[in-house]
Amino acid sequence: MNAENFSCSERLVTAAYVRQGVQGRRAHELRLRALLEQGKCPEDGWDESTIELFLHELAVMDSNNFLGNCGVGEREGRVASGLVARRHYRLIHGIGRSGDISAVQPKAAGSSLLNKLTNSVVLDIIKLAGVRTVTNCFVVPMATGMSLTLCFLTLRHKRPKAKYIIWPRIDQKSCFKSMITAGFEPVVIENVLEGDELRTDIKAVEAKIKVLGAENILCVHSTTSCFAPRVPDRLEELAVICANYDIPHIVNNAYGVQSSKCMHLIQQGTRVGRIDAFVQSLDKNFMVPVGGAIIAGFSESFIQEISKMYPGRASASPSLDVLITLLSLGTSGYKQLLKERKEMFSYLSSELKKLADIHNERLLDTPHNPISLAMSLKNLDENNDAAVTQLGSMLFTRQVSGARVVPCGSVQTVNNYTFEGFMSHTNDYPCAYLNAASAIGIKKQDVDIFLKRLDKCLKTFRKEVKKEETVDEISNSNTGTEQLED
């Protein structure tokens, strides 16, 4: 209520009580005012009542919620289900206009304000996470793969002769298909094995640029977050190469916001060389439903070009979800989650190493990967070719999600390109292995239950192997007796 309405309330309720109500309302409004003035994530998280009040205030600014509104167009924010309307806080118009996802809608001042605030708050969080010199970003209602495609399509207009994208190999289908979908030919650069780690072959990247010609290359498409034993690309070296040859550089930072090491690599890359844009997932970094990503960069004009490449309006759901989440957490809450994730990574690493030792396996040495770990499965692979994939099935049926088992020699064809040793990021990794990751939101209970169930599964395999060995011994003994009798 405004001041006049509060004044009228004093005729019905004791004035002192109304003034208390005014003060309570003002506490909410001060928070809203700080957000609107600063455009930054609040340090302390908001309570749900403040967030809901804010969203309702935004919603009444949209034309579909005007009292007496008469809509005669084809897009008037009509919703048949009240449940759907409430699910979206009656913010129905989405974000952007037909020509620019970041543009303001005349019919939807509230939704437009939501969009601008979300982008501003997310930019603040990216800076907090370690990329301090980022200048612009926007939330796009597509997951990481399609968001990368949007970046490549924007670069097409800048480099019309280009047909190739240099891509240090990572065995993940969506980032490979993002280049195919954009109409470019991925040039796969195989990784080099250093100890247990798979690392970027910098010499091979530069050699390929010289062979193809810099003008024929759209960009270098690098990766930070990845499954061990692959580790983040050598971003600094790649950024220097891109600067030297005047080639754009797009970074797939899918779940890298939660890692200070990944964010540091991006910051250092732009300091010493060239990074044009980096893309990260909303669900993996901010624990919201799948369906959104953040495209960020160091040139405001280039990020604006990408946003204008998006055709039509867009769903506001990803923006709404991440804004609600960040307002709930505040910077202090998000920093606490990042701290807990690091602690759980150390705990998972030490406990998984102990379990590996018990089962005569080993935790692969991948110090450059800050999120994912890998444990060898040599004993399973040597005893039974199908045992590795069977272990994955056993874990899944025991409600362990996210763990990956990677057998040796798997072959996969993606868009007519055949990957040998698929999922292991190289043609011939020395052993089969199992992946586990410490991602944002993981709890000690998750780690303990996973290790307990993994231990049981591995013990089951050991018992089966012993039974087979016993049967073989008996069979061989019988065969020997029969031969003596003959």
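Tutor: A nonpolar patch on the surface is formed by L12, V13 and Y17, with about 370 Å² of accessible area together. Areas follow the Shrake-Rupley method with a 1.4 Å probe, and for residues only the protein chains shown count as cover. This is a predicted model: local features need pLDDT of at least 70, side-chain atom pairs count only at pLDDT 80 or more, and totals for chains, interfaces and linings use all residues. Residues are numbered from 1 along each chain as its sequence is written, and side-chain values use heavy atoms, leaving out hydrogens and water.

Y17 counts as exposed because its relative accessibility is 55%, where exposed means over 50%, buried under 20% and partly exposed in between. By contrast, N435 counts as buried, at 1%. A polar atom of the N435 side chain lies 2.6 Å from the backbone oxygen of A228, and a polar atom of that side chain lies 3.1 Å from the backbone oxygen of L373.

As for the cysteines, the structure holds zero disulfides (pairs of cysteine sulfur atoms within 2.5 Å). For C219, the nearest cysteine sulfur is that of C242, 8.1 Å away. C219 counts as buried, at 0% relative accessibility, and C242 counts as buried at 1%.

Technical notes. Buried means under 20% relative accessible area, exposed over 50%, partly exposed in between (1.4 Å probe, protein chains only). Patches are made of residues with over 30% relative accessible area and no salt bridge: like charges are joined within 9 Å, nonpolar side chains (Val, Leu, Ile, Met, Phe, Trp, Tyr) within 5 Å. A salt bridge is a side-chain nitrogen of Lys or Arg within 4 Å of a carboxyl oxygen of Asp or Glu. A polar contact is a pair of N or O atoms within 3.5 Å; within protein, one must be able to donate a hydrogen and the other to accept it, and residues adjacent in sequence count only if both atoms are side-chain atoms.
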